[in-house]
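Me: I have a protein model open and would like to go through it with you. Could you help me read it?

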Amino acid sequence: MSRVYNFSAGPAVLPEEVLREAAEEMMDYKGSGMSVMEMSHRSKVYDTIIKEAEADLRDLMQIPDNYKVLFLQGGASQQFAMIPMNLMKNKKAAYIVTGQWAKKAWKEAQIYGEAVSVASSEDQTFSYIPDCSDLDIPDDADYVYICENNTIYGTKFKELPNTKGHTLVADVSSCFLSEPVDVTKYGVIYGGVQKNIGPAGVVIVIIREDLITEDTLPGTPTMLKYKTHADAASLYNTPPAYGIYICGKVFKWLKSMGGLSAIRERNEEKAKILYDFLDESSLFRGTVAKEDRSLMNVPFVTGSDELDAKFVAEAKAAGLENLKGHRSVGGMRASIYNAMPKEGVEKLVAFMREFEEKNR
């Protein structure tokens with residue numbers, strides 16, 4: 001059985017080199033006589049794995065020393081609660097609602113304090129990013145929250161919002177490590193790794209040290225305090241050890257590819273192939289405002305539910321997997337994360353061209 005081109009939004013395609021390396025080490029990691037899956041997270045061998053992973057991530061993103069890197073569990077969705085629990089000192093926060101995940105985070109924050117929506121693109125099915133240059137942010141807001149790349153709707157903030165001096169918190173799950181980023185512009189950057197970095201079960205939180213305090217909302221569980229995990233270097237309890245090990249391998253793969261500037265060029269090249277075809281196609285069309293298009297998630301439609309379903313079925317038969325759009329929007333979506341090779345996108349476009357010819 002040969003490997004398919006997997007366009008899934010997450011869990012998603014991983015670099016083949018990483019999978020092969022992990023397969024080779026599955027029974028015996030570097031002469032330890034055991035798999036990383038079986039290893040104590042308190043062992044010397046594992047300590048090297050997690051420390052190296054953090055060092056490589058710091059190197060890739062040029063993370064300053066006054067930021068902590070935490071490898072946590074609970075996915076991005078658990079952060080929807082952890083963020084207000086740890087950061088809502090004034091019980092007030094501003095949310096920019098540009099998709100389903102930002103909306104879920106905003107709703108969750110309302111449990112803990114006053115979460116104000118200061119901008120939204122829901123009026124046009126989240127197909128664009130609103131102007132965030134002069135938002136009405138409450139002076140006493142503890143932070144401004146965005147979901148930087150919208151997996152479902154295929155939009156991306158090309159410019160960060162003007163937070164008017166407030167801490168910026170960003171969910172970057174689906175654009176994590178897809179391009180260089182200036183960490184100092186954020187108070188918190190976090191993301192589930194199952195899209196661009198590793199297997200499901202790990203969420204990485206990069207948080208400025210001054211935001212990590214004992215002063216959390218009353219009733220915050222020990223496990224949901226950033227301080228608990230920061231003080232214990234992500235080893236307060238058993239972490240998602242194997243997932244972190246795979247993330248570490250992906251960090252090394254990214255470095256071998258030339259780092260984040262090189263990966264951005266590669267991602268831009270892949271996305272251009274697909275967007276150029278969508279812009280000239282008489283059957284398919286993209287659903288996102290051109291200036292807000294994501295490099296990672298590309299939604300498109302034919303305009304007919306019947307044709308969409310036919311396309312997804314025939315693409316699957318041709319070895320192009322997981323192209324069905326999110327259940328909330330329908331149509332198709334190609335997620336073309338870092339590990340998707342250029343040939344995969346070329347194959348997809350060739351198939352779309354052929355499908356268009358047959359279904360005019």
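Me: What does F251 touch, leaving out residues up to four places away in sequence?
Reply: F251 touches A53, D56, L57, L60, F71, L177, I197 and I204, when residues up to four places away in sequence are not counted. Contact here means heavy atoms within 4.5 Å. Please note that this is a predicted model, in which local features need pLDDT of at least 70 and side-chain atom pairs count only at pLDDT 80 or more, while totals for chains, interfaces and linings use all residues. Residues are numbered from 1 along each chain as its sequence is written, and side-chain values use heavy atoms, with hydrogens and water left out.

Me: Which residues touch the most other members of the largest nonpolar core?
Reply: They are M61, I204, I206, F251, F284 and F311, in a core of 89 residues. A nonpolar core is a set of buried Ala, Val, Leu, Ile, Met, Phe, Trp, Tyr and Cys residues joined through side-chain atoms within 4.5 Å. Buried means under 20% relative accessible area, exposed over 50%, and partly exposed in between, with a 1.4 Å probe and protein chains only.

Me: And which element gives the largest share of this core?
Reply: Helix 6 (residues 241-256) does, with ten residues. Helices (H or I, at least four residues) and strands (E, at least two) are DSSP runs, numbered from the N terminus. There is also a second, separate core of 35 residues, which includes F80, A81, V97 and L217.

Me: Changing topic: in what order do the strands of the open sheet lie?
Reply: The seven strands have the order 2-10-9-8-5-3-4, and their pairing is mixed. Strand 2 (67-72) and strand 4 (114-120) are the edge strands, each pairing on one side only. From one strand to the next, the twist averages 20 degrees. Two strands count as paired if DSSP finds at least two bridges between them.

Me: What holds paired strands together?
Reply: Strands of a sheet pair through backbone hydrogen bonds, either parallel or antiparallel.

Me: How many bridges join strand 9 to strand 10?
Reply: Five bridges join them, and the two strands run antiparallel. The bridge partner of G191 in strand 10 is I204. On strand 8, strand 9 pairs in the parallel sense over three bridges, with D171 opposite Y190.

Me: Is strand 9 mostly covered or uncovered?
Reply: Strand 9 is mostly covered, as five of its five residues are buried. V188, Y190 and G192 point one way, and I189 and G191 point the other way.

Me: What about strand 5?
Reply: Strand 5 is also mostly covered, with five of its five residues buried. Y143, Y145 and C147 point one way, whereas V144 and I146 point the other way. Strand 5 (residues 143-147) pairs with strand 8 (residues 167-171) in the parallel sense over five bridges. Y143 stands opposite T167, and Y145 stands opposite V169. Two bridges join strand 3 to strand 5, which run parallel, and A94 has V144 as its bridge partner.

Me: Which strands does helix 4 lie across?
Reply: Helix 4 (residues 100-109) lies across strand 3, strand 4 and strand 5, running at about 160 degrees to strand 3. Such angles run from 0 to 180 degrees between N-to-C directions, with axes fitted to C-alpha atoms, for helices over the stretch in contact.

Me: Which of its residues are buried?
Reply: In helix 4, the buried residues are Q100, A102, A105, W106 and A109. They pack against helix 3, strand 3, strand 4 and strand 5.

Me: One more residue: where does C175 lie?
Reply: C175 lies in the loop between strand 8 and strand 9. The residue counts as buried because its relative accessible area is 7%. Not counting residues up to four places away in sequence, C175 touches E148, N149, K156, N196 and M296. C175 and A141 are 34 residues apart in sequence and 26 Å apart in space, C-alpha to C-alpha.
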